[in-house]
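Dear colleague,

Please find below the structure for your review.

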Amino acid sequence: MEEIQTSEARESAVSPDFVRAEGAAGDLRLHRFSSRIFRNTRFLRVWLPPGYDDPENADRRYPVLYLNDGQNLFESATSFTGVEWGADETADRLIRERVIPPLLIVGVDNAGKERLREYMPHRSLQPVILRVQGTRYPNFLIREVMPFVSRNYRVAEGPQNTGLGGSSLGALIALYTASVQPGLIGRLLLESPSLWASNRQAIKDSRHVSRWPERVYLGTGTAELGRSDRDQSVVDDVRELAGIFRRAGLDDRRLKLVVEEGAPHHESAWARRFPEALTFLFGESAAS
């Protein structure tokens, strides 16, 4: 609860239902969100595209991209590394340049000390995480988060209008969700996924998935962990996952693999690649 209290102190209340973040590019609304599935409370950070509230757009519905670790997306002050993705600035620019259509970005905050448990669907011995809760995450997203957003915002339906993503363990749980809920997510963003977790169980499980999202952006760096042997292992795992996607039918139109030379496991790298990811997932060539 400490992070929520700190954030609230910096926001100016505009209604009983949400507060509007100061300093964000565009309209960023913070909703305090209670989950029955996880039995805790966090923020949902809903970024609205330019023109969302204009009268001429009153009947328009918008694609939506859900991203994990919402604290890291829009404001450096709430990011646990002090560096943000700049998701609001990037989306605002690409929309105004008509590179991508207007869309909503929903940052789903992690649960702080429970982050590891919520983002890991399988038990792990390194680190030792035995009482994991990640298998609950798909229901949390589908039964709680998505209905809340749909009730409060004009969201377009269907997988072609629904994206999910994250970085590190946030990418791992996004991959898991897409694999166990085929047909729900049409755009999948995986940045530096923690494929090493639980003895590479995500890779093993992915081999048996026959239906993946229509578009997948998969990114990593060659200096993720700062040690050559471990860095190479990370790249090898990502390339193996890309091979699994390709064998399942994802060609170059549906899958974009980016291995950035020298890039670390850090928000700065994910921010740098975010414009390319958004363009690939939601740009004109992705329309269907």
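This is a predicted model, in which local features need pLDDT of at least 70 and side-chain atom pairs count only at pLDDT 80 or more, while totals for chains, interfaces and linings use all residues. Residues are numbered from 1 along each chain as its sequence is written, and side-chain values use heavy atoms, with hydrogens and water left out.

Helices (H or I, at least four residues) and strands (E, at least two) are DSSP runs, numbered from the N terminus. Two strands pair if DSSP finds at least two bridges between them. Strand S2 (residues 19-20) is joined to S3 by two bridges, and the two strands run antiparallel. Within this pairing, arginine 20 stands opposite arginine 29 of S3. S2 and S3 form a hairpin with six residues between them, and glycine 23 in the turn has a positive phi of about 90°.

On S3 (residues 27-35), seven of the nine residues are buried, where buried means under 20% relative accessible area, exposed over 50% and partly exposed in between (1.4 Å probe, protein chains only). S3 also pairs with strand S4 (residues 40-48), in the antiparallel sense and over nine bridges. Serine 35 has asparagine 40 of S4 as its bridge partner. These two strands likewise form a hairpin, with four residues between them; arginine 39 in that turn has a positive phi of about 60°.

Serine 168 is a residue other than glycine with a positive phi, near 60°. Serine 168 is placed in the loop between strand S9 (162-167) and helix H5 (169-180), and counts as buried because its relative accessibility is 11%. Asparagine 199 also has a positive phi of about 60° although it is not a glycine. Asparagine 199 lies in helix H6 (residues 197-206) and is exposed, with a relative accessible area of 59%.

Arginine 115

Arginine 115 is found in helix H3 (residues 115-119). Its relative accessibility is 15%, so arginine 115 counts as buried. Leaving aside neighbours within four places in sequence, the contacts of arginine 115 (heavy atoms within 4.5 Å) include Asp69, Phe80, Asn110, Ser167, Ser168, Leu169 and Gly170.

Nonpolar cores

A nonpolar core is a set of buried Ala, Val, Leu, Ile, Met, Phe, Trp, Tyr and Cys residues joined through side-chain atoms within 4.5 Å. The largest has 51 residues, of which Tyr66, Leu104, Val145, Leu190 and Phe245 touch the most other members. H5 gives the most to this core, with eight residues. A second, separate core of 31 residues includes Leu65, Leu189, Val258 and Leu281. Not counting residues up to four places away in sequence, leucine 190 touches residues including Gly166, Ala171, Val216, Leu241 and Phe245.

Helices H6 and H7

H6 and helix H7 (residues 228-247) pack with their axes 9 Å apart and at an angle of about 15°. Axes are lines fitted to C-alpha atoms, for helices over the stretch in contact, and angles run from 0 to 180 degrees between N-to-C directions. H6 and H7 are therefore roughly parallel to each other, since angles under 35 degrees count as roughly parallel, over 145 as roughly antiparallel, 65 to 115 as roughly perpendicular and the rest as oblique. The contact is made by Arg200, Ile203 and Ser206 of H6 and by Asp237, Glu240, Leu241 and Ile244 of H7.

Yours sincerely
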